[in-house]
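Please keep the sequence and the three-dimensional view side by side.

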Amino acid sequence: MPFPDEPNTVAVLDYQPQWRADFESLAGKLRDALGDHAGAIDHVGSTSVPGLAAKDCVDIQVRVTTIDEARYVGLFAAIGFRCRPEPWNRVEISGRQECRKLVFAPPPGARRCNVHLRAEGGPNARFALLFRDYLRADETARHAWGAFKQRLALSVPDLPGYGQIKAAATEVLMTAAERWATETGWEPADQAPTVA
């Protein structure tokens, strides 16, 4: 469930060019706060794909060497970010492997975002980059995925229900993404300390 100051309903908007600038602003703040503790800072999720409909919530992936919860909770808290308490905040399954992660919400009243802290080279970090790059590359998949999410949000506007249905559909989408990755020789971006 979201924090009390966050909406519990879903609205999927047409692509907003401002999302890129919002990511860049947030990434700059994170880079300043985390310094050498962060590797790459990636714009991921649907707002990172030009032309794709999305919830107005910017997803950011920070790739780190190891998930040191005490260190990162403290660093994020220093800039007002809150560690999400939901079960999916600590562990996710990706590539049939259990992967540690942390997810942070912004301070109350700040621009909506989720900051996903994942280990560099982990299957879940790769998953986020593949999702983004596949949908950037495949116009048919991008339009179909956006239309699906818009219809789903109209039918199931509560966040937990929407998320549960979307998670199952994402597995189908990622099967096509993996096929695309094999056919094109796609590899995830390296660990360079960049903003992408």
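1. A helix here is a DSSP run of H or I with at least four residues, and helices are numbered from the N terminus. With that in mind, Ala141 is placed in helix α4, which covers residues 139-155. The model under discussion is predicted.

2. Is Ala141 buried or exposed? Its relative accessibility is 12%, and Ala141 therefore counts as buried, the cut-off for buried being under 20%. Apart from neighbours within four places in sequence, Ala141 is in contact with Tyr134 and Leu135. The C-alpha atom of Ala141 is also separated by 11 Å from that of Trp180, a residue 39 places away along the chain.

3. Leu135, one of the partners of Ala141, belongs to helix α3. Because its relative accessibility is 0%, Leu135 counts as buried. When neighbours within four places in sequence are set aside, the contacts of Leu135 are Val49, Leu52, Ala141, Arg142, Trp145 and Leu173.

4. Two packed helices are described by the angle between their axes and the distance between the axes. How do the axes of α3 and α5 lie, and at roughly what angle do they cross? Helix α3 (residues 123-137) and helix α5 (residues 159-184) have axes that come within 9 Å and cross at roughly 80°. Angles of 65 to 115 degrees count as roughly perpendicular, and α3 and α5 are therefore roughly perpendicular to each other.

5. The contact of these two helices may be examined residue by residue. On the α3 side it involves Arg126, Phe127, Leu130, Phe131, Asp133, Tyr134, Leu135 and Ala137. On the α5 side the residues are Thr170, Leu173, Met174, Ala176, Ala177, Glu178, Trp180 and Ala181. By class, the residues of this contact of α3 with α5 divide into 12 nonpolar, 1 polar and 3 charged.

6. A second pair of helices is α1 (residues 18-34) and α2 (residues 69-77), whose axes come within 10 Å and cross at roughly 120°. The helices α1 and α2 are therefore oblique to each other, and their crossing is right-handed. Leu30, Ala33 and Leu34 in α1 meet Tyr72, Leu75 and Phe76 in α2. The residues of this contact of α1 with α2 comprise 6 nonpolar, no polar and no charged.

7. A disulfide is a covalent bond between the sulfur atoms of two cysteines. How many disulfides are counted in the model? With sulfur atoms required to be within 2.5 Å, the count comes to 0. Cys83 is in no disulfide, and its nearest cysteine sulfur, that of Cys113, is 13 Å away. Cys83 has a relative accessibility of 21% and so counts as partly exposed. Cys113 is likewise in no disulfide; its nearest cysteine sulfur is that of Cys57, 6.4 Å away. With a relative accessible area of 1%, Cys113 is buried.

8. Most residues other than glycine have a negative phi, and most peptide bonds are trans. Arg96, a residue other than glycine, has a positive phi near 65°. Where is Arg96 found? Arg96 lies in the loop between β6 (91-94) and β7 (97-105). At 84% relative accessibility, Arg96 counts as exposed.

Methods:
Residues are numbered from 1 along each chain as its sequence is written. This is a predicted model: local features need pLDDT of at least 70, side-chain atom pairs count only at pLDDT 80 or more; totals for chains, interfaces and linings use all residues. Side-chain values use heavy atoms; hydrogens and water are left out. Axes are lines fitted to C-alpha atoms, for helices over the stretch in contact, and angles run from 0 to 180 degrees between N-to-C directions. Angles under 35 degrees count as roughly parallel, over 145 as roughly antiparallel, 65 to 115 as roughly perpendicular and the rest as oblique. Contact means heavy atoms within 4.5 Å. Ala, Val, Leu, Ile, Met, Phe, Trp, Tyr, Cys and Pro count as nonpolar, Asp, Glu, Lys and Arg as charged, and the others, Gly among them, as polar. A crossing is left-handed if the near helix is turned anticlockwise from the far one by less than a right angle, and right-handed if clockwise. Buried means under 20% relative accessible area, exposed over 50%, partly exposed in between (1.4 Å probe, protein chains only).
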